[in-house]
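Colleague: I would like a close look at one part of this protein, the strands and the turns that link them. Please take me through that part piece by piece.

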Amino acid sequence: MFFNTAAKEVLKENGKIAGVADQRKDGSKVTVHAKSVIIASGGYLGNKELLLKYLGTTHVNVAARGKSLCTGDGLAIAQKAGTILDKTFGYCGCEYGGTNPKASRPATQDKYDQNPAFKFGIYGNLLVDN
């Protein structure tokens, strides 16, 4: 496991997955050779260009209040490796589980301050702010 390291490219050899090319925070490169790769990088709530492209709006990030850590990087490297995106996108409050900002404890501490409604994807709904 590498910390402070970003996957930059899924490596392929002869049309088959061969690993991942990574970059550490200090800029140094890491290559991990593997027979398979699982990309679990989150969505694109922090990428206004992708929000507009796939959802038609940039006003959906209610859980993280526009400061999402999900920037679509995983989607980009997956597509570059030849994957195909589904045509249906939905909203899921992936960060902090939809925590109430007025809660007495942060979301990382325990599950009791989290809003369970934001633990599930939302498809075809109208989202409104205060």
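Modeller: What follows goes from the whole chain to the sheet, then to its turns, the pocket and a helix.

This is a predicted model. The protein chain holds 2 helices and 3 strands. Read from the N terminus, the order of elements is β-β-β-α-α. The protein chain has 130 residues, and 25% of them count as buried.

Now the sheet. It is open, it has 3 strands, and their order is β1-β2-β3. The pairing is antiparallel. β1 and β3 (29–33) stand at the edges. Each has a single partner strand, so one side of each has no neighbour in the sheet. From one strand to the next, the twist averages 25°. In a regular strand, side chains alternate between the two faces of the sheet.

Take the pairs in turn. β1 and β2 are joined by 8 bridges, in the antiparallel sense. In this pair, T5 stands opposite R24 of β2. β2 and β3 also run antiparallel, with 5 bridges between them. G19 has H33 in β3 as its bridge partner. V20 has V32 in β3.

Next, the backbone just ahead of the sheet. N4 is found in the segment before β1. Its phi is near 55°, a positive value in a residue other than glycine. For context, most residues other than glycine have a negative phi. N4 counts as exposed because its relative accessibility is 56%, and the cut-off for exposed is over 50%.

The hairpin of β1 and β2 comes next. There are 2 residues between these strands. N14 lies in the loop between β1 and β2. N14 is not a glycine, yet its phi is positive, at about 55°. The relative accessibility of N14 is 82%, so N14 counts as exposed.

The hairpin of β2 and β3 has 4 residues between the strands. Here G27 takes the positive phi, near 95°. K25 lies in the loop between β2 and β3. K25 has a relative accessibility of 72%, so K25 counts as exposed. In sequence they are 19 residues apart. In space, C-alpha to C-alpha, they are 7.7 Å apart.

The largest pocket is lined by 23 residues. A6, A7, I39, S41 and I77 are the ones nearest its centre. β1 gives the most, with 4 residues. The volume of the largest pocket is about 520 Å³. By type, its lining divides into 13 nonpolar, 7 polar and 3 charged residues.

Helix α1 covers residues 48–55, and N47 caps its N-terminal end. A side-chain oxygen of N47 lies 3.1 Å from the backbone nitrogen of E49. Just after α1 comes G56, with a positive phi of about 80°.

β1 is an edge strand with a single partner. β1 pairs with β2 over 8 bridges. β1 is also the element that gives the most to the lining of the largest pocket. For the turns, keep two residues in view. N14 belongs to the hairpin of β1 and β2, and G27 belongs to the hairpin of β2 and β3.

How values were computed
Residues are numbered from 1 along each chain as its sequence is written. This is a predicted model: local features need pLDDT of at least 70, side-chain atom pairs count only at pLDDT 80 or more; totals for chains, interfaces and linings use all residues. Side-chain values use heavy atoms; hydrogens and water are left out. On a 1 Å grid over the protein atoms alone, a cavity is a set of points where a 1.4 Å probe fits but cannot get out, and a pocket is an open set with protein on both sides within 12 Å along at least five of seven lines; lining residues have an atom within 4 Å of a point. Grid points are joined across faces, edges and corners, and a volume is the space filled by probe spheres set on the points. Ala, Val, Leu, Ile, Met, Phe, Trp, Tyr, Cys and Pro count as nonpolar, Asp, Glu, Lys and Arg as charged, and the others, Gly among them, as polar. Two strands pair if DSSP finds at least two bridges between them. Axes are lines fitted to C-alpha atoms, for helices over the stretch in contact, and angles run from 0 to 180 degrees between N-to-C directions. Buried means under 20% relative accessible area, exposed over 50%, partly exposed in between (1.4 Å probe, protein chains only). A polar contact is a pair of N or O atoms within 3.5 Å; within protein, one must be able to donate a hydrogen and the other to accept it, and residues adjacent in sequence count only if both atoms are side-chain atoms.
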